[in-house]
Amino acid sequence: MPASQQELVRRFLSVKPGRGRHSVRIALENQGFLRHIDVYLELQKRLEGHLRSVLAAKYDLQLETIPLETPPDLKFGELATPIAFELARSLRKAPKVIAHEIVATLGTVEGFAGFEVAGAGYINARLDRAAAARLIAAGETQHSSKGLLHAMVEHTSINPNKAAHIGHLRNAILGDTFVRLLRAAGQKVDVQNYIDNTGVQVADVVVGFLHLEGKSLADVRLLLEDLKQKGERIDYYCWDLYAKISQWYEQGSEEENAARKKLRYATLHELEQGNNETAEIAELISTAVLRRHLETMLRLDIEYDFLPRESEILRLKFWEAAFEQLKETGVLYYETEGKNKGCWVMTRPGAEIADGETNEYAKVIVRSNGTITYVGKDIAYHLWKFGLLGKDFCYKPFFTYPNHECWISAEHGDEPHPHFGGAQAIYNVIDARQSDPQANVIQALRGMGYTEQADRYIHFSYEMVALTPRCAVELGYDVSDEDLARPYIEVSGRKGFGVKADDLIDKLIAATRAEVDARQTGRDETERQKIAGQIAIGALRYFMLKFTRNSVIAFDFKDALSFEGETGPYIQYAVVRARNIFRKGGTTPEAVLAEFAATDPAPWLEGEAAQDIWALWLRAARRTLVLEQCISTSEPAFLAKHAFQLAQEFNNFYHRHHILTEEDPARKVFLLATAAVVLRELVVVLNWLGIESPEAM
RNA sequence: GCGCCCGUAGCUCAGCUGGAUAGAGCGACUGGCUACGAACCAGUAGGUCGGGAGUUCGACUCUCUCCGGGCGCACCA
């Protein structure tokens, strides 16, 4: 993308080296625009800097930041500041008076047409629209490379004992989109998917194979082979088995259940030990299920770089290395009194305990039987992520994507291998219910003196995806009266209650395929299927991204299968419309933008009639601003909203102005340039959201 | 009991570091395909921003309190 934009800039600057263009080129170079062209951000910074120097000169005020906002209506200009209100008290003058004084001192600023006072004391700034439009049309180059970190994003992390469901889809889509945003901003990002292959959930399905189905290791091998030949999904098989075994633990008499639970923990222990037949079954199953998860996510264009597994964290003695550091720094201490007697514990964040008191609320890290809790293992893992553990995984290739290899942790690896870990900033896409343990890990890092790392440890939390009661009934589940009265019902793998990811994707593709078949009668099977897939994935990804992270999604097929209104397909449709204009017009966006660069757009940008089109140009120019906001707040939803609003304004423009029949050739170029700019922006933003832009739909 | 999240139009949700008349989608009603494809557009109706107090020139936004809903607070992960 940056390459083609640079090309645009180059073309813009060199295609017509007439006198007019030359002056623009000089201006661009003087402003440093060739290195960083983003109209909105640049003009904001320029205005802010100028205001700051004016305030310093006139009132001897040194202000850190000056509030700038987008006025509610273009009649108030393109940028505004309410700074006069803030200064009213300290300067002992009316805001309006201050605003007038500031405007009188502002003079002229490059890129701005003028300033004025409005309302009770707002200072409104008007852009030099023609100049701004030329810059917007030229596009932008890459971001400045200052302050870029090596980041690591962990997402998906599904227990490899059952099929992925819609909750996992939200996690993976949020995580993958955020990876794309960080990369778009120029950061180096490693993508990790943590695999808990030795936990109680995997142990449970192993118990199911061994004791519910009476299968041996050889039987499990046969089953895997058999499913493969029949083209059935092992993760679906485990989904049902996991639900059955979870019930089995509670179905028997009290003595039976106690015995079954014992079996469960004995199995778990065997998995942790390794080198036995039970562990081998677990390895077979968890690896097969993991492969299925990667296939499911690949349907959504989601890829990973590295799969660290808990088995290696255990076997490669990560904990032992972490334990030493934790003891040395005093983060962990041995409890000799109270309910945690005999355990190694750490103080919880925010806890205040008087000297000599026993901290009953401490977090246990090493149990009295010597085993390590989940938080303990996670501390060791996160020390590794930051390169602070002094140990590394061994690596093996595991899953080959069209453009790169995904590696998995191993006890004895291959050489050569890429290196993971040693990140400067980490993002953990983990649901909000795990914020306590996440806080514990951060607290441990901080306690060990790794404060910088603790500050760059971001729990990218999000709320769950639940089912509406109506949806649960539709799926044929038994729903209690109590649950029927709730706004939503939590998905539960243990109960086998939920919507499987592949089922939803299949359903979406079937629905989009029906729509495509109705419209694309001239296209063949493969083309139709490709388009249907692009639209289905666009619909799904947008659906998961349109909600802000801390809003619970109450899932319903009616909403998820909708292709109208605020949806991915709506935005994709705007792209297709824009493309059709160029196709039917026998030209290209590139050619139009090159021609546009040689024109004066001023006549089409002024006056009441131009307001809507100019608003569309301004919206198109906001991409980098929105990207930065998304990254600083860890909130991809803002970009999803931006894409929708841009598409919406474009559709309005599309109806109001019929471009190809426009008789004034100069105006036609302007209208085509408008479509070219919006098309370019939509494609870039959709790509950042992981949504493809179909050629037709 | 302690902590976190949520409460905005009939439904589902936006609302940027406090700023100008509170927005969108869906649903309802009305209108628009001889146009670059109607998976679209335009219009109408619909809101005490859960209640109350406070801070402020200004509060959907910040503080406190109450009400209602959800989730955490294991020697489970």
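This is a predicted model: local features need pLDDT of at least 70, side-chain atom pairs count only at pLDDT 80 or more; totals for chains, interfaces and linings use all residues.
1. Three strands make an open sheet, ordered S1-S3-S2, and the pairing is antiparallel. Strand S1 (79–81) and strand S2 (112–118) sit at the edges, each pairing on one side only. On average, neighbouring strands are turned by 20° against each other, direction ignored.

2. Now the S1 pairing. S1 is joined to strand S3 (residues 122–127) by 3 bridges, and the two run antiparallel. If you want a spot to look at, alanine 80 stands opposite asparagine 124 in S3.

3. What lies across the sheet? Helix H3 (residues 39–59) lies across S1, S2 and S3, and runs at about 35° to S1.

4. On to the domains. Chain A is assigned domain 1 (2–138) and domain 2 (499–697). Their contact draws 23 residues from domain 1 and 26 residues from domain 2.

5. Between domain 1 and domain 2, about 2300 Å² is buried, with carbon and sulfur atoms giving 67% of that area. On the domain 1 side, Tyr40, Arg129 and Ile136 lose the most area to domain 2, together 29% of what that side buries.

6. As for specific interactions, I'd note 0 salt bridges between domain 1 and domain 2, alongside 6 residue pairs in polar contact, both residues at pLDDT 80 or more.

7. Which elements of domain 1 give two or more residues to the side that touches domain 2? They are helix H1 (2–14), H3 and helix H6 (129–138). H6 gives the most, with 8 residues.

Terms used:
Residues are numbered from 1 along each chain as its sequence is written. Chains are lettered from A and ligands numbered from 1 in the order in which they are written. Side-chain values use heavy atoms; hydrogens and water are left out. Two strands pair if DSSP finds at least two bridges between them. Helices (H or I, at least four residues) and strands (E, at least two) are DSSP runs, numbered from the N terminus. Axes are lines fitted to C-alpha atoms, for helices over the stretch in contact, and angles run from 0 to 180 degrees between N-to-C directions. Contact means heavy atoms within 4.5 Å. Domain bounds come from an automatic or database domain assignment. Buried area is the accessible area (1.4 Å probe) that two parts lose on being put together, summed over both. A salt bridge is a side-chain nitrogen of Lys or Arg within 4 Å of a carboxyl oxygen of Asp or Glu. A polar contact is a pair of N or O atoms within 3.5 Å; within protein, one must be able to donate a hydrogen and the other to accept it, and residues adjacent in sequence count only if both atoms are side-chain atoms.
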